[in-house]
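The tour goes from one selection to the next and says what is found at each stop.

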Amino acid sequence: MSTNAKEAILAAARQTAQAHGYGGLNYRDLATEVGIKAASIHYHFPAKADLGAAVARRYWEDIVDDLASLDEAGIKPAGALERYSHLFRRSLENGNRMCLCSFMAAEYDDLPDIVKVEVQTFADVNIAWLSDLFAQEGLVRDDAVSKATAIFAAVSGAQLLARSRNDIALFDQMIDTYRKSGLLDL
């Protein structure tokens, strides 16, 4: 099986997991979507846990790239923080989907250990990046981590509520409320 097939499987699995979570990953459905035989998926991902871990890993690696792009663009920390919520909004814009790792975090008790590690890494990456923004602005490290954790939870929660109402405007309203309350301030 080609690398292109593996990438197609990961892309299809990402879309599925963002809409239906880890529990929604099904080799037969993915194979139909990609246009291959279900047994062919096992070549790259012998078990569902392997596929789930790979798609979650790719997801957090992509977010690392997105966050690095904000850093490399020379955007001041306040501007980068403002753009941060847009990373979560994108999922809602794409068929009212969720952040993949946030969705999987809701299924945490039912996830295989190798998937749990990747889901936790997603949260860690986000919190570390946000903490670094606050540290750049002079916030004490423990306070930076606490505020970063609160922002990550708030943005994730806003996305969850907006998805449950199929209302992206609700996400925007909540982010605006966070800004007005000072949560999204540096």
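Select Asp 113 and Lys 116, which both belong to helix H7 and sit three residues apart, about one turn of the helix. The model is a predicted one. The two side chains meet in a salt bridge, with an N to O distance of 4.0 Å. Now colour the pair by accessibility. Asp 113 is exposed, its relative accessible area being 57%, whereas Lys 116 counts as buried at 17%, because buried means under 20%.

Is Glu 118 buried or exposed? Glu 118 is buried, with 10% relative accessible area. Side chains of opposite charge can pair when their charged atoms come close. How many salt bridges does the model hold in total? The count comes to eight.

## Along H9

Move to helix H9 (residues 168-181) and select Asp 176 and Lys 180, four residues apart, about one turn of the helix. They form a salt bridge whose closest N and O atoms are 3.1 Å apart. Lys 180 counts as exposed, at 68% relative accessibility, while Asp 176 is partly exposed, at 32%.

## H5 against H9

Show H5 (residues 77-93) together with H9. Two packed helices are described by the angle between their axes and the distance between the axes. Here the axes come within 10 Å and cross at roughly 165°. H5 and H9 are therefore roughly antiparallel to each other, since angles over 145 degrees count as such. The crossing of H5 past H9 is right-handed.

To see the contact itself, select these side chains:

- On H5: Glu 82, Ser 85, Phe 88, Arg 89, Leu 92 and Glu 93.
- On H9: Ile 168, Phe 171, Asp 172, Ile 175 and Arg 179.

Colour the selection by residue class. The contact of H5 with H9 has five nonpolar, one polar and five charged residues.

Most residues other than glycine have a negative phi, and most peptide bonds are trans.

Select Asn 96, in the loop between H5 and helix H6 (100-106). Asn 96 is not a glycine, yet its phi is positive, about 55°. Asn 96 is buried, with a relative accessible area of 16%.

Then select Asn 166, in the loop between helix H8 (141-165) and H9. What is the phi of Asn 166? The phi of Asn 166 is near 50°, a positive value in a residue other than glycine. Asn 166 is exposed, with a relative accessible area of 60%.

Terms used. Residues numbered from 1 in each chain as written. Predicted model: local features only at pLDDT ≥ 70, side-chain atom pairs only at ≥ 80, totals over all residues. Heavy atoms only, no water. Buried < 20%, exposed > 50% of the residue type's maximum accessible area, 1.4 Å probe, protein only. Helix = DSSP H or I, 4+ residues; strand = E, 2+ residues; numbered from the N terminus. Axes fitted to C-alpha atoms, helices over the stretch in contact; angles between N-to-C directions. Parallel < 35°, antiparallel > 145°, perpendicular 65-115°, else oblique. Left-handed = near helix turned anticlockwise from the far one by under 90°. Contact = heavy atoms within 4.5 Å. Nonpolar A, V, L, I, M, F, W, Y, C, P; charged D, E, K, R; others polar.
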